[in-house]
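Open the model in your viewer and keep the selection tool at hand. Each stop says what to pick and what is there.

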Amino acid sequence: MTDKHLSESVRNALIGISGIREEIDNQCVYFYQHERLFSIIDEDGLQFVVGEECLKEALRRPGAKLEQPGGKRCKGVIRVAPEQCTDTELDFWLLLALPTNQGTIDPIIFH
């Protein structure tokens, strides 16, 4: 599954959800809800901000691993392999990520 297909799938799954904003930068697609980052799509797949409270559940899912850009652990950020992002799996990841962006954890901002 290509990053364009993944981003289109995420867009379709988010139809009707309030406060969604999309930003494209350096061939990555960033999705925000109410200005809080909750998903990044790049050529390696998807990343979801699930928060510490959902981390154990997230890591049990097929194709999920803790994101460690530059060897540094990101608090509550999971990378999901593209082949594990069927529509059903994508719905699961969005359900897990969206509540963490409704005030239950501090936003994660990448610079």
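This is a predicted model. Start with arginine 60. The residue is exposed, with a relative accessible area of 60%; the cut-off for that label is over 50%. Glutamate 57 is partly exposed, at a relative accessible area of 31%.

Next, select Glu8, Arg11 and Glu22. Salt bridges with shared partners join these three into one network. Zoom in on glutamate 22 and arginine 11. Their side chains meet in a salt bridge of 2.7 Å, N to O. What does this pair tie together? Glutamate 22 lies in strand 1 (residues 20-25) and arginine 11 in helix 1 (residues 3-13), so the bridge ties together parts that are 11 residues apart in sequence. Are the two ends buried or partly exposed? Glutamate 22 is partly exposed, with a relative accessible area of 31%. Arginine 11 is partly exposed too, at 27%.

Stay on helix 1 and pick serine 9. Serine 9 is buried: its relative accessible area is 11%, and the cut-off is under 20%. Which residues does serine 9 touch, leaving aside neighbours within four places in sequence? The contacts are Asp87 and Leu90.

Move on to arginine 21. This residue has two partners to show. One is glutamate 23, in a salt bridge whose closest N and O atoms are 2.9 Å apart. The other is tyrosine 32: the charged end of arginine 21 sits over that ring, 4.2 Å from its centre. Arginine 21 is partly exposed, with a relative accessible area of 28%. Glutamate 23 is also partly exposed, at 31% relative accessibility.

Now select strand 6 (residues 77-80). In a regular strand the side chains alternate between the two faces of the sheet. Check both faces here. Val77 and Arg79 are on one side, Ile78 and Val80 on the other, and all are buried. Then display the neighbours. Strand 4 (residues 45-49) runs antiparallel to strand 6, joined by 4 bridges. Leucine 46 has valine 80 as its bridge partner in strand 6. Strand 5 (residues 64-66) also runs antiparallel to strand 6, with 3 bridges. Look there for lysine 65, which stands opposite arginine 79 of strand 6.

Turn to the rings. How many aromatic pairs are there? The count is 3. Select phenylalanine 31 and phenylalanine 38. Their centres are 6.4 Å apart and their planes at 40°, so the pair is tilted. Both phenylalanine 31 and phenylalanine 38 are buried.

Then pick phenylalanine 48 and tryptophan 93. This pair is stacked, at 5.7 Å centre to centre and 10° between the planes. Phenylalanine 48 is in strand 4 and tryptophan 93 in helix 3 (residues 87-97), so placed that the pair links distant parts of the chain, 45 residues apart. Both phenylalanine 48 and tryptophan 93 are buried.

Last stop: arginine 61. Its charged end sits over the ring of phenylalanine 92, 3.9 Å from the centre.

How values were computed
Residues numbered from 1 in each chain as written. Predicted model: local features only at pLDDT ≥ 70, side-chain atom pairs only at ≥ 80, totals over all residues. Heavy atoms only, no water. Salt bridge = Lys/Arg side-chain N within 4 Å of Asp/Glu carboxyl O. Helix = DSSP H or I, 4+ residues; strand = E, 2+ residues; numbered from the N terminus. Buried < 20%, exposed > 50% of the residue type's maximum accessible area, 1.4 Å probe, protein only. Contact = heavy atoms within 4.5 Å. Pairing = 2+ DSSP bridges. Phe/Tyr/Trp six-rings, centres within 6.5 Å; stacked < 30°, edge-to-face > 60°. Lys NZ or Arg CZ within 6 Å of the ring centre and 35° of its normal.
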